[in-house]
Amino acid sequence: MSDARKSRTRITTSHWGAFEVDVEGGRIVATRPFAADPHPTSIPDAIPAAVHHRARVARPSIRRGWLEGRRHEGRGRDDFLSLPWDEALDIAAAEIARVRRDHGNGAIFGGSYGWGSAGRFHHAQSQVHRFLNAVGGYVASFGSYSTGCAQAIMPHVFGVNFLKLLYEHQDSWPVIHEHTETLVMFGGINPKNAQVSMGGITRHETADWFDRFAAKGMTCVNIGPQQGDAPKGCDWLPLRPGSDTALMLALAYVLESEGLTDHAFLDRYTVGFGRFRPYLMGDADGQPKSPNWAAPLCGVDADAIRALARRMAATRTLITVAWSLQRAEHGEQPYWMSAVLAAMLGQIGLPGGGVGYGYGAIGGVGHALRRLSGMTLPQLDNPVKTMIPVARIGDMLRHPGAPYDFNGRRETYPDIRLIYWAGGNPYHHHQDLNALHEAWQRPETIIVNEPWWTATAKRADIVFPATTPYEREDIGRAPLDDYLFHMPRLVPPVGEALDDYAIFTGLAERLDAGERFTEGRSAGDWIAQLYGDFRDRAAEAGVAVPDLDGLRAANWVRLPIRAEGPNRTLFAPFREDPDAAPLGTPSGRIEIFSEKIDGFGYGDCPGHPVWLPPSEWLGAAGPEAPLHLVSPQPGDKLHSQLEVALADSPGARPATLLLHPDDARTRGIVAGDLLRVANGRGACRARACVTEAILPGVVALPTGAWYGDPGVNIDPDGNPNVLTRDIGTSRLGQGCSAHSALVEVTRMEG
Ligand SMILES: Nc1nc2c(c(=O)[nH]1)N[C@H]1C(S)=C(S)[C@@H](COP(=O)(O)OP(=O)(O)OC[C@H]3O[C@@H](n4cnc5c(=O)[nH]c(N)nc54)[C@H](O)[C@@H]3O)O[C@H]1N2
Ligand SMILES: Nc1nc2c(c(=O)[nH]1)N[C@H]1C(S)=C(S)[C@@H](COP(=O)(O)OP(=O)(O)OC[C@H]3O[C@@H](n4cnc5c(=O)[nH]c(N)nc54)[C@H](O)[C@@H]3O)O[C@H]1N2
Ligand SMILES: [Mo]
């Protein structure tokens with residue numbers, strides 16, 4: 001291996017799984033699938049081009065207007081000056097010190113949401129949080145764009161932390177395979193999304209499970225606007241987006257009116273059915289929530305609703321709910337109502353029955369692994385106690401000092417002067433980006449660590465070039481995976497990029513917090529320390545892993561932590577004995593009516609699940625915006641990552657929008673046409689794909705295209721977040737409402 005040009009193959013891992021990498025002359029030249037992965041994803045194909053792309057941030061860069069004192073204007077338009085690292089770090093450290101002195105650490109926003117690298121030490125969010133804590137703290141954020149609303153509502157219903165329920169307790173695939181007869185999937189279960197899992201998923205097995213379900217003759221029903229949300233062979237019940245709660249109510253109505261409700265279960269394991277029933281049957285408001293009532297709301301035939309309800313009562317039925325349903329206005333309601341419906345069926349706690357969330361949303365859900373603690377960089381304590389719900393950043397910037405509600409509390413938005421972001425891309429993930437761009441001019445300073453000139457980096461004042469995972473050593477250990485990886489440094493840093501750790505060390509030293517941040521350790525020392533701790537804890541759990549040199553030599557090992565055989569049934573101990581194993585709700589039971597939520601007095605989330613029409617959905621569509629836009633996750637990448645390379649292929653941009661032949665015909669659109677997708681908030685371009693696999697009236701445009709330059713009246717590459725609405729799901733959850741948006745689509749001339 002003396003010849004530097006000789007190619008060398010190593011394996012690394014990522015959020016989308018492991019892959020082989022060929023390196024030649026200090027460059028990544030090719031990637032190949034990891035041999036043990038039955039269904040490897042093609043996402044890594046874009047890595048060689050992305051890592052060495054001309055859009056890498058080459059040097060520390062500072063916005064000219066900011067340097068010249070024009071702090072509140074020109075973000076996203078000004079050019080940048082390149083500076084040597086020392087000077088740029090001096091300037092950034094002095095600015096952080098100034099904001100701390102003049103306004104306090106409560107004026108620094110470090111929520112820094114995002115899916116940066118999968119490695120455990122160089123995890124950008126942990127790095128930025130530790131750094132900001134080392135210098136006195138920051139305003140943090142609660143929850144995620146993925147499941148923020150569910151994380152707020154579900155503890156009231158089931159009395160358990162939602163993420164723990166998902167990752168540690170839900171029925172596993174083998175249990176579903178063995179016991180479930182009817183799988184009712186609201187929002188589908190899509191192997192496309194299961195390509196990805198936080199920290200990695202090594203064996204992509206979701207599609208195989210569906211093959212096995214089909215071989216067994218299981219009935220799998222995909223309920224939602226797109227047939228492609230579930231594997232081929234599943235039944236499709238097309239449904240208008242945002243109307244799931246109405247359908248679930250109608251299913252519940254059939255159970256109750258046909259004597260199919262399991263009242264013994266409700267009596268023993270739930271509270272509040274008596275408060276809910278008058279609403280369901282129409283005694284409270286004169287409107288029975290019958291199939292005839294729901295049919296026009298959902299676009300589903302009333303007889304089909306009756307037939308489904310009867311089948312659900314007659315067979316072992318698992319209701320699954322995609323996370324997308326709670327990424328919508330009133331997203332609390334379908335989540336709560338799915339639990340009520342499952343309780344009425346009386347199968348909660350039985351193997352393969354009841355309800356589960358997010359199967360297929362990420363690849364790790366449904367894997368049953370023995371618990372083995374992970375590897376995390378300690379983040380130190382945050383002296384600043386202010387936190388916002390993560391998706392309320394736009395409101396926070398627009399309304400400093402304004403009150404808002406969140407899950408029973410009255411809070412106040414902080415007055416943010418400085419934003420620090422590392423490992424996320426708000427100009428990919430946030431809703432109503434044109435409005436965010438306005439709000440983003442308010443802080444005095446925005447600092448971003450980024451490998452690429454993303455839309456967020458372009459809208460920062462100080463940009464520090466960060467390495468990618470391929471340019472540094474790390475350990476890959478995902479919580480929902482049974483593999484352990486040494487992630488070797490494959491190539492030298494591109495340009496002048498530094499690791500986030502080195503950037504924060506440089507800043508911390510200038511702010512007299514160097515020792516606090518580093519504890520005297522180099523990156524290599526930290527990896528050895530964190531890995532050693534992990535290895536000790538694994539040994540205590542009876543899992544032997546190699547020492548660090550051994551792992552380096554092996555590159556990867558499989559951990560013997562897969563649970564054997566069918567196992568893991570959600571709420572089985574509770575079903576066994578609800579007095580001995582009560583839930584963590586105030587009543588100890590599943591709460592169909594919640595006194596606590598009722599006491600909040602929220603009209604947009606009352607004391608039991610209700611049908612609340614969203615303000616934007618097909619039931620409220622007008623001539624200006626007659627189509628419902630859903631904006632799912634992209635199949636060819638993770639969010640906005642690697643877009644930089646994908647967008648280079650001819651014809652790849654703008655992004656593809658799916659629409660039904662009826663909607664295409666009335667607009668004179670044919671496949672391949674260039675489209676304008678627009679509403680009152682913005683407009684973007686898209687390329688037409690005409691398909692019967694989407695409900696008429698609905699269009700789908702995936703996320704992931706980079707947001708264009710401000711000042712252009714149409715986003716060129718097709719970022720759906722110029723169209724989405726920036727409102728909380730409700731005063732309770734305050735989650736992101738990305739899937740509730742109406743638009744119009746027209747053919748672009750020329
Ligand atoms: N319309 C609509 N919008 C949505 C959604 C939707 O369904 N519809 N879904 C939402 C959801 S669930 C999510 S999770 C979000 C995702 O949104 P994000 O997580 O913000 O998206 P990513 O593109 O993964 O952003 C990660 C960024 O980190 C950078 N990065 C990678 N590695 C490193 C590193 O080591 N160091 C540093 N400093 N940076 C690094 C990448 O270049 C990239 O810019 O989007 C949300 N937005
Ligand atoms: N390849 C790839 N996989 C990913 C990601 C990625 O970026 N790329 N991101 C990952 C992340 S961070 C997350 S959080 C998960 C998200 O996982 P999910 O939230 O489950 O995924 P989405 O893609 O937002 O939506 C899934 C489908 O829900 C349907 N849908 C939308 N609104 C409604 C509705 O009101 N009712 C019903 N019944 N259906 C509706 C849409 O047709 C959409 O295709 O995906 C993860 N997986
Ligand atoms: Mo997510």
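1. A nitrogen atom of ligand 2 sits 3.2 Å from a polar backbone atom of G187, a polar contact being a pair of N or O atoms within 3.5 Å. The protein covers 97% of the 920 Å² of accessible area that ligand 2 has on its own, with areas taken from the Shrake-Rupley method with a 1.4 Å probe.

2. This is a predicted model, in which local features need pLDDT of at least 70 and side-chain atom pairs count only at pLDDT 80 or more, whereas totals for chains, interfaces and linings use all residues. Residues are numbered from 1 along each chain as its sequence is written, chains are lettered from A and ligands numbered from 1 in the order in which they are written, and side-chain values use heavy atoms, with hydrogens and water left out.

3. An oxygen atom of ligand 2 is 2.8 Å from a polar backbone atom of G242, and a polar side-chain atom of R327 lies 2.7 Å from an oxygen atom of the ligand.

4. The shell around ligand 2 holds 32 residues, of which the closest are D229, G242, D244, R327 and K637, a residue being near if one of its heavy atoms lies within 4 Å. Both domain 2 (171-365 + 568-599) and domain 3 (618-747) give residues to this shell, so ligand 2 lies between them; the domain bounds come from an automatic or database assignment.

5. Elsewhere, an open sheet of three strands has the order β20-β21-β22 with antiparallel pairing, where strands are DSSP runs (E, at least two residues) numbered from the N terminus and two strands pair if DSSP finds at least two bridges between them. Its edge strands are β20 (474-476) and β22 (556-558).

Methods: A polar contact is a pair of N or O atoms within 3.5 Å; within protein, one must be able to donate a hydrogen and the other to accept it, and residues adjacent in sequence count only if both atoms are side-chain atoms. Helices (H or I, at least four residues) and strands (E, at least two) are DSSP runs, numbered from the N terminus.
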